[in-house]
Amino acid sequence: MPFSGPIDAIPLWGLFGATVAVILLSIEAGYRLGRYRHRRSENEKEAPVGAIVAATLGLLGFILAFTFGLAASRFDARRRIVVEEANAIGTTYLRAGLLPDGRGVKIRKLLGEYVDARLEVTQPGNIKKVLRRSEDVHRELWKDAEALGQQYPGSIVVGLFLQSLNETIDLHATRVLVGLQSRIPGVLWGALFLVTILTMAGVGYYDGLASSSRSLAILVLALTFSIIILLVADLDRSREGLFTVSQQAMIDVRNMMNDVR
């Protein structure tokens with residue numbers, strides 16, 4: 001069950017530097033080719049090349065906007081699912097206190113361990129080990145819930161508890177899917193970088209064909225596109241970078257548990 005995206009092995013600062021370098025090298029390669037064509041062919045006009053470069057820049061902008069929107073929507077989904085899961089756990093914890101024969105004491109303890117595990121998932125470390133612990137707690141909770149359901153089949157309180165526990169388990173699967181597995185596809189990353197390279201090579205080719213000297217504006221262009229790509233990668237990563245999902249809702253649930261005990 002993979003949890004890493006296609007470029008997760010590269011830190012964000014390294015991705016930014018590599019993107020700037022790739023863009024500048026693409027522009028330089030295109031510029032040199034344009035200068036060569038300018039010396040060897042007098043028939044190639046600048047106007048058609050300029051139109052093609054403008055079209056590819058527009059296409060690159062469209063792909064960037066699409067990718068950014070995709071990453072932003074998934075970031076919002078991760079924030080929303082944290083709140084929903086925290087609410088479900090809190091409800092389950094409170095309803096456990098109403099269970100007959102003091103059965104809720106063990107269940108509340110397991111829920112406390114579960115919240116700690118859910119918070120630990122957001123920290124650097126062995127994420128698969130933490131997720132396995134969460135699933136172990138699920139099995140222990142559901143084992144106790146099955147026993148309660150069989151012993152008190154007509155109890156409304158037990159029925160409500162089972163409903164909220166089932167929702168908690170379902171939201172765990174949803175959070176893993178949205179937060180760790182639902183990432184920008186590698187094919188889209190590959191297409192984005194390929195179009196970026198070709199577009200920047202076209203920009204350099206047009207400059208070389210026009211026999212213009214290199215401009216500092218090229219650096220501005222490279223930095224601008226690199227920053228946008230960096231933001232997309234940051235939004236796509238759930239456990240690092242500037243756009244990390246706040247776990248305050250889960251922390252509030254843990255504080256509530258400490259107050260209720």
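At what angle do helix α3 and helix α4 pack, and how far apart are their axes? In this predicted model, helix α3 (residues 104–121) packs against helix α4 (residues 127–151) at an angle of about 160 degrees, and their axes lie 9 Å apart. Angles over 145 degrees count as roughly antiparallel, and α3 and α4 are therefore roughly antiparallel to each other. The crossing in which α3 passes α4 is left-handed. On the α3 side, the residues that meet α4 are Lys 106, Ile 107, Leu 110, Leu 111, Glu 113, Tyr 114, Ala 117, Arg 118, Glu 120 and Val 121. Their counterparts in α4 are Ile 127, Val 130, Leu 131, Arg 133, Ser 134, Val 137, His 138, Glu 140, Leu 141, Asp 144 and Leu 148. Sorted by class, the contact of α3 with α4 holds twelve nonpolar, two polar and seven charged residues.

Helix α4 also packs against α5. The axes of α4 and α5 come within 10 Å and cross at roughly 160 degrees; α4 and α5 are therefore roughly antiparallel to each other. This crossing, of α4 with α5, is left-handed. From α4, the residues in the contact are Ile 127, Leu 131, Ser 134, Glu 135, His 138, Leu 141, Trp 142, Ala 145, Leu 148 and Gly 149. From α5, Val 158, Phe 161, Leu 162, Leu 165, Asn 166, Ile 169, His 172, Val 176 and Leu 180 take part. By class, the contact of α4 with α5 comprises 13 nonpolar residues, five polar residues and one charged residue.

Ala 173 is located in helix α5, which spans residues 156–181. With a relative accessibility of 46%, Ala 173 counts as partly exposed, because that class covers values between 20% and 50%. Between Ala 173 and Gly 58 there are 115 residues of sequence separation and a C-alpha to C-alpha distance of 39 Å.

In soluble globular proteins, nonpolar side chains tend to be buried together. The largest nonpolar core in the model has 35 residues, of which Leu 60, Ile 184, Trp 189 and Leu 192 touch the most other members. At least two residues of this core come from each of α1 (12–40), α2 (46–96), α6 (186–209) and α7 (217–236). The greatest contribution to this core is that of α2, with eleven residues. When neighbours within four places in sequence are left aside, Leu 192 is in contact with Leu 60, Ile 63, Leu 64 and Ile 229. Another core, of 21 residues, lies apart from the largest one and includes Tyr 93, Leu 141, Phe 161 and Val 253.

Thr 199 is part of helix α6 and counts as buried because its relative accessibility is 1%. Outside four places in sequence, Thr 199 is in contact with Thr 56, Leu 57 and Leu 60. Ser 26 is placed in helix α1. Its relative accessible area is 8%, so Ser 26 is buried. With residues up to four places away in sequence not counted, Ser 26 touches Ile 197, Met 200 and Ala 201.

Definitions and conventions. Residues are numbered from 1 along each chain as its sequence is written. This is a predicted model: local features need pLDDT of at least 70, side-chain atom pairs count only at pLDDT 80 or more; totals for chains, interfaces and linings use all residues. Side-chain values use heavy atoms; hydrogens and water are left out. Helices (H or I, at least four residues) and strands (E, at least two) are DSSP runs, numbered from the N terminus. Buried means under 20% relative accessible area, exposed over 50%, partly exposed in between (1.4 Å probe, protein chains only). A nonpolar core is a set of buried Ala, Val, Leu, Ile, Met, Phe, Trp, Tyr and Cys residues joined through side-chain atoms within 4.5 Å. Contact means heavy atoms within 4.5 Å. Axes are lines fitted to C-alpha atoms, for helices over the stretch in contact, and angles run from 0 to 180 degrees between N-to-C directions. Angles under 35 degrees count as roughly parallel, over 145 as roughly antiparallel, 65 to 115 as roughly perpendicular and the rest as oblique. A crossing is left-handed if the near helix is turned anticlockwise from the far one by less than a right angle, and right-handed if clockwise. Ala, Val, Leu, Ile, Met, Phe, Trp, Tyr, Cys and Pro count as nonpolar, Asp, Glu, Lys and Arg as charged, and the others, Gly among them, as polar.
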